[in-house]
Each structure stands twice: as C-alpha cells, then as structure tokens.
Amino acid sequence: MVLKRTPGEPMSPNDAFAQSVTAAMTYLNSVGLEFEIIDDESDEWLILGYLETNIGILRISTLIQRQSAQLIVYAYHSLVILEPIRHKAAELVARANYGLSIGNFELDMDDGELRFKVNCQIPPGGISPHNVGLALDAALGSLAHYHTAFVRCLYDGLTPKEAIEELDH
C-alpha cells in the first residue's frame, strides 16, 4: 500500500518510522559500514555492524523504535570488564557520565559489557541520515575520548578520579 500525502502535510508516525529506518541504512551504507539487520519487526528495527578503530573492533547497534519514536545508537567498547574490577569501572563510568551533554556510558555489572549510548527523539518528519551520523559520531568519539582513562584506571592502577582528572588535563 502506498501512502500519499499532500505537500506540507505532516508524516504519520508510521511514515516517520519507515523514513528513519531508511535514513539509518542510507547513512551506514554511505560510510561503508557493513551491517546486518537482526530484527525488522513492524515496531522496532535492530541493525548491527562492526567498525575497526584505533581502539579495537567496535560493535555498533542501531535501534529504531516506533512506539517511543527513538533512534538509539550503541557503540560497544572492545574491553570486557572482568568481575573483580567492575566496581572500580562503575565508579569511572559515573565520573565519566557526570556532565556529558550527549549520551552516556553503560556498564553491565553481570557480564562486564561496556558501551556508550546516544538516543534521539525521532521528529514527525523522520530522522535524516545526517542525524544518524551525528549520533554514531558522538558514540564513537566518546568511546575513543575516554578509552585511555579506562585503561589507566583498570589496568595501570589509577583511581577513577585520577583517571578522569588526567584526561581533563
């Protein structure tokens, strides 16, 4: 079924969702990111990919939700935080998150998975490929920016406070 709109008529939530899925795939293709569509249900799409960076191979997850009208980009760090140092990592995550204006770190205390999340509200006209790129860049940039602080804290003996202070200077 093809939905027709008159010029200037706002998109329906269904059109904005479909347009946002297309925008995400368009952007990911434009930067050469190989990705796989894991879940393409009518209310939620999950697109996974991998990206080789100077801090390792990072898993990228792009989630588009119709009900909440959200685009959520996750960039997973290549570090897996071992159980004995997860509480130290959790303090570092809290210190890193404090004052961030876009996105946040998340640490799974059960398996040690560390990721950065950026979410955007999908406007009535859908999200653009450019905005998908901004969300992905924010997630990847934040992981790269804080990478040394995580390594220095978790493996070189700095306290979380010292690692963040060192990063800020």
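Q: Which residues of helix 2 are buried?
A: R86, A89, L92, V93 and A96 are buried in helix 2. Buried means under 20% relative accessible area, exposed over 50%, and partly exposed in between, with a 1.4 Å probe and protein chains only.

Q: What puts these residues on the same side of helix 2?
A: They cover an arc of only 115 degrees around the axis, so they sit on the same side of helix 2. The arc is that of the directions from the helix axis to the C-beta atoms.

Q: What kind of model is this, and which pLDDT limits apply?
A: The model is predicted; local features need pLDDT of at least 70, side-chain atom pairs count only at pLDDT 80 or more, and totals for chains, interfaces and linings use all residues. Residues are numbered from 1 along each chain as its sequence is written, and side-chain values use heavy atoms, with hydrogens and water left out.

Q: What do the buried residues of helix 2 pack against?
A: Their partners are strand 5 (104-107), strand 6 (113-121), helix 3 (129-155) and helix 4 (160-168). Contact means heavy atoms within 4.5 Å. Helices (H or I, at least four residues) and strands (E, at least two) are DSSP runs, numbered from the N terminus.

Q: How does the span of helix 2 compare with the one expected at 1.5 Å a residue?
A: Helix 2 (residues 86-97) has 12 residues and reaches 16 Å from its first C-alpha to its last, close to the expected 16 Å. The expected span is 1.5 Å times one less than the number of residues. G99 follows helix 2, and its phi is positive, near 90 degrees.

Q: Which residues of helix 4 are buried?
A: P160, A163 and I164 are buried there. They cover an arc of only 95 degrees around the axis, so they lie on the same side of helix 4. The buried residues of helix 4 pack against helix 2 and helix 3.

Q: Why is S61 called buried?
A: Its relative accessible area is 4%, so S61 counts as buried. S61 lies in strand 3 (residues 56-65). Leaving out residues up to four places away in sequence, S61 touches L46, I47, L48, I72, V73, Y74 and Y76.

Q: What pattern does the protein chain follow along the sequence?
A: The pattern reads α-β-β-β-β-α-β-β-α-α. That goes with 4 helices and 6 strands in the protein chain. Of its 169 residues, 40% count as buried.
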